[in-house]
Amino acid sequence: MKAQIQSIKQAALAAVEAASTTQELGEVRVRFLGKSGEMTSLMKGLGALSKEERPEMGKVMNEARTEIESALEKKIAEVNAREKAERLAAEAVDVTLPGKKPARGTLHPITRVREDIVKVFLGMGFEVAEGPEIESDLYNFQLLNVPKDHPARDMQDTFYVNDSYVLRTHTSPMQARMMTTRKPPIRVVIPGRVYRSDDDASHSPIFHQIEGLAIDKHITLGDLEGCLTAFAQQMFSRDTQIRLRPSYFPFTEPSVEVDVTCAICGGKGCRVCKGTGWVEILGAGVVNPTVLDMCGIDSKVYGGFAFGLGLERIAMIKYGIPNIKLFYENDVRFLRQFNGEVEK
Amino acid sequence: MLAPISWLKDYVDINVSPEKLAEKLVAIGFEVEGIEYQAKKASLVKTCKLVSVEKHPAADRLRVAQTDIGGKVIQVVTNVPVEGGEYTAVALDGAVLADGHEIKRGELRGVLSEGMLCGPEEIGMSASDIDGQKEGDILRFPEGTELGQDAATALGFDDVILDVSVTANRPDCNSIYKLAKEVAVALDTTCREPEIKYTVTDADVNDIVSVRVENSKLCPRYMAAAVKNVKIFPSPEKMRMRLRAVGIRPINNIVDITNYVLTEIGQPMHAFDLRYLSGGKIVVRNAREGEHIVTLDGKDNVMTSSMLAICDAEKPVAVAGVMGGEHSGIQPDTSTIIFESAKFARDSIRRTSRALNLRSDSSARYEKGIDFASQEYGLKRALTLIAETGSGEIASGFVDVKVEHDEIRDVEFTTAEISRILGCAVPERRLISILLKLGIPVTKKEGKTLVAHVPDARSDIDGVNDIAEEFIRVYGYSHIKPTLFAHSVLTRGGVPADIAFRNKVKEELAALGLNECITYSFTSPSFADKLRIPADSPWRRWVELVNPLGEALSVMRTVLTHSMLEVLCFNASHFNKSAALFEIAKTYHPHSLPLAELPEEREKLVIGMYGGDADYFAAKGVLEGLFDALHVRGEFKASDLPFLHPGRGADVSVNGKVIGYVGEIHPDVAEEYDADVRLYAAELDLRTLFEECKGGATFREFSKYPPVERDLAVVVAESVTAGDMIRSVENAGARSLLSAEVFDVYRGAQVGEGLKSVAMRFSFSSTEHTLTEEEIAGEMKLILSALETAFDAKIRA
């Protein structure tokens, strides 16, 4: 019987050795260790042995069984590992194939710039307001110190609806609307569409501005410079500097043009800034006391500053957009480029 | 304003480069938009002497000239019949002429030519600029001219011209002299006065002409002087060159003098031929309604009674300040002239010039406004030039009809006030010296009050802020240091809810894969026909512009869809296989026409798509995605809008209010837009959507027990919509119903004619326990019964 055990054991170990798949190993287990397997059958024969022989044979048989089982386990582990490795190998993909991107939309660069700018001024306590695009002559011009037939009307080519109504030529009429309806302190930025009868390579008859207005008891030109410096550094870079130059707007006095150091060359002089190191970005000034008085705010007590800037111009500088027409063609190859940026 | 530096130098010493001067002018408020170098209009054109000239061996009309260009002799082939010994100008190899043409050495009929002989046009001049220069001839220089020098420089054509942008508050600086004063301030030096020097004859101007001003409001001052025995000839070369440099064509000595004074002093002048002033009278009066005048340009104008006319005893001889009449011009045989030097109200000139569509250098100048002192100064300057050029005999005296006016305006201020405006320290002595330099003397009053005595010419200065500006533009803005509301209170700031809502909608639509676009607010009135808008629709009531850039941009849109369709088609025809876009913008709706109050401006959202996966359900899905984000529920009902596909369009409503549509654009309409793809669009009223939004999310408990799903297929009539069925299921009273959706619609023979089978999937769940079979069966019974009642639905066998 011992020899029989040995022989079955040898056969089983050989079968384990020969098996190479999980399935074959399962068959080996059934054949030798299953309910009617060879080793199990042999165990059933133990009862026929003498009382003296039984323990020894039982021990031998158990040892053989354990040996087979352990060989089997070992082999199963091996095969499992190999099969898993094969499966994983078969599942390999070309990791350079394109990913499954969800469709991603974009906001128009004008919207992006608008919100970037608004954010800067919200941080400085400004509120946001908007106003009508079809505007009365009164608000668009007269309350801003531009009477009818005044030469300053030539500064802007106006679209007229009739003698009393125009398409607003700037966001400035909202200055008058704020001043006639609010009590100081006022701090507001007013983004919106504006219209000028001007259509050439560098002008669009529709464009966007943001107006800023701050009215309080004691506001200085220095505050204007501080505010606009904060704005320019947020929009362009931390190192950006601004420069005020004298200019003229009927509704501010003194009036200034504001230049920023060229974002392209950092102020050294390049093609974009025409070698000057400065790029003009907006007009501003101290609110003209005449305007305050016309709008019902006592200019003896209150003063303030106002500024207005073109969003297209800022976007063109910020994104390097060469042509204002691109904003209004709405070619998706243009629009898809502006999907936000990481602030640094 | 074009300002030749040589002309500025008549009054102020300029010892810096034109670029530096430009920089200094910008710093005090005069933007310089360009610097033109006359001598650089052409390059490498040199004076030369033709040493010897021979006939070309192979061409009768060509000559070969050995040309001395100063120390070197080159060979030039020319078709000009030149002779040896003549002095002229030659463009050398590599020269670029004023018209951009480049000169290269080369062979002409087999003979080497190393240059080209030049006329005035080749260096950017005109024959009439140069005394003795014949039209069509090459340049000529006198014997002994230094050879090899720049031809333009040799002719004195070497001015540098600044293009200065003068702001509307400084009309006085639209003149060389006043600009020179600013240059003097910029360079911290002094300015000289233009010369006034002439002698008069015994004749008295008052015996020659009389002036009556009937409307002194429109003509506060009218001055006249007379010149007898006038000789008409071309004005001196220097005057001609200067006029041309500022863009004025020289005509004759008298006309040129008026233009010269206009440019130099800023005073428009007019010269009348006395022969055409009937009765020797000048009457300044309002035109009679319908009165005609034919102006110098040959145009017949009909004037109105609000316009000012210069008349003689009988008729208008000029539109005041705008243009003279046809006979008022100077003729070769003119013998006595009357110079007009007047001040007209700028708004009147502006209105008249626009109404008659007549423009002139004078009207442009008058519109900007001129001061009281200029009339006399201009007149004296003109007479000085008459004397200087020997153009005639000057009668003594002036006619001067004027209203009373203050020559000096006092403005009181303190340095503290200025400092408060600027936010920087204001040193009093510096302030006073700067103002004095600007021609504004300052005196001290009691206490700290200062008084600025502002001359009439500075009409822009009438308050402390103006004084602050005059000071700081010279003192320098760099003295102002940035502060952040150093003296004022905190304010709260913030974004109004409707603007925040719009921003959210934009972000959600971008998150749903759409690209934002921005289109023009005005469009062609043809949009209404293209979209087949009915004749009585409010969408056809629009605000129209009186001066549009063209009919295609002439009306304010009442709907955004049209613009969106144009953008979709633009993209489709520009290599873009698909696009999904949105825009949020206003539409404009007049309360009454013609416009007498502000129109309603309504904010709308339009979406549009084509190509890729675009179809009705993709467009609808965008709206559903948006509605989910806004916590509202949209309802969709078949629409009969005329521009939609009759079977693929829905009216969209929220809380029972119709807010817009979604659908496929009718193929016939798409064809109108030249679309070769199917177009899908939706337009919603954003304002109403905002009002119907109730805010954000509130937590709802979800079950920890597994949900149970059940499918049900029922047969209903073709006309029953899935939307109505789902709504019926939701209202059936099945309390544990979590969701219901249609997942298949089947039509076929087994279902029957006019019927369809709708397969629905329901999900049930309870937060308290795992639902039992009995409970679910009960719920399904409720659902089925609701469907049976509402739609006569039958369970599909």
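**Two chains and the contact between them**

The contact between the chains draws on 69 residues of chain A and 81 residues of chain B, where two residues are in contact if their C-beta atoms, placed from the backbone, lie within 7 Å. On the side of chain A that touches chain B, helix α8 (residues 221-235) of chain A gives the most, with eight residues. By class, that side of chain A has 33 nonpolar, 17 polar and 19 charged residues; Ala, Val, Leu, Ile, Met, Phe, Trp, Tyr, Cys and Pro count as nonpolar, Asp, Glu, Lys and Arg as charged, and the others, Gly among them, as polar.

This is a predicted model, in which local features need pLDDT of at least 70 and side-chain atom pairs count only at pLDDT 80 or more, while totals for chains, interfaces and linings use all residues. Residues are numbered from 1 along each chain as its sequence is written, and chains are lettered from A and ligands numbered from 1 in the order in which they are written. The pLDDT is the predictor's confidence in each residue, from 0 to 100. For chain A the mean pLDDT is 91, and 100% of its residues reach 70 or more. Within chain A, confidence is lowest in helix α3 (residues 38-44), at a mean of 80, and highest in strand β1 (residues 127-128), at 98.

Chain A has 12 helices and nine strands; helices (H or I, at least four residues) and strands (E, at least two) are DSSP runs, numbered from the N terminus. The radius of gyration of chain A is 42 Å, well over the 20 Å that the globule rule gives for 344 residues, so chain A is more spread out than a compact globule. The radius of gyration is taken over C-alpha atoms, and the globule rule is 2.2 Å times the number of residues to the power 0.38. The C-alpha trace of chain A spans about 130 × 45 × 40 Å along its principal axes. Of its 344 residues, 44% are buried; a residue is buried if 20 or more other C-beta atoms lie within 10 Å of its own, exposed if 12 or fewer, and partly exposed in between, with C-beta atoms placed from the backbone.

Two peptide bonds in chain A deserve attention. The bond from Pro184(A) to Pro185(A) is cis, with omega near 5 degrees, and Pro185(A) is found in the loop between α7 (173-181) and β4 (186-195) of chain A. Another cis peptide bond joins Glu253(A) and Pro254(A), with omega about -5 degrees; Pro254(A) lies in strand β7 (residues 252-261) of chain A.

Chain B has 21 helices and 38 strands. Its radius of gyration is 41 Å, whereas a compact globule of 797 residues would have one near 28 Å. Along the principal axes, the C-alpha atoms of chain B fill a box of roughly 125 × 90 × 60 Å. Buried residues account for 41% of the 797 residues of chain B.

One open sheet of chain B has four strands in the order β36-β37-β35-β38, with antiparallel pairing; two strands pair if DSSP finds at least two bridges between them. Strands β36 (737-746) and β38 (794-795) of chain B stand at the edges, each with a single partner strand, so one side of each is left without a neighbour in the sheet. Eight bridges join β36(B) to strand β37 (residues 755-764) of chain B, and Val742(B) stands opposite Met760(B) in β37(B). Helix α20 (residues 722-730) of chain B lies across β36 and β37 of chain B, running at about 150 degrees to β36(B). Helix α21 (residues 773-791) of chain B lies across β35 (708-717), β36, β37 and β38 of chain B, at about 15 degrees to β35(B). For these angles, axes are lines fitted to C-alpha atoms, for helices over the stretch in contact, and angles run from 0 to 180 degrees between N-to-C directions.

Elsewhere in chain B, strand β14 (residues 281-286) pairs in the parallel sense with strand β11 (residues 210-213) over four bridges, and Val213(B) stands opposite Val284(B). Strand β14(B) also pairs in the antiparallel sense with strand β17 (residues 308-311) of chain B over four bridges.

Most residues other than glycine have a negative phi. Leu44(B), in contrast, has a positive phi of about 60 degrees and is placed in the loop between β2 (31-37) and β3 (45-55) of chain B. Because it has 17 C-beta neighbours inside 10 Å, Leu44(B) counts as partly exposed.
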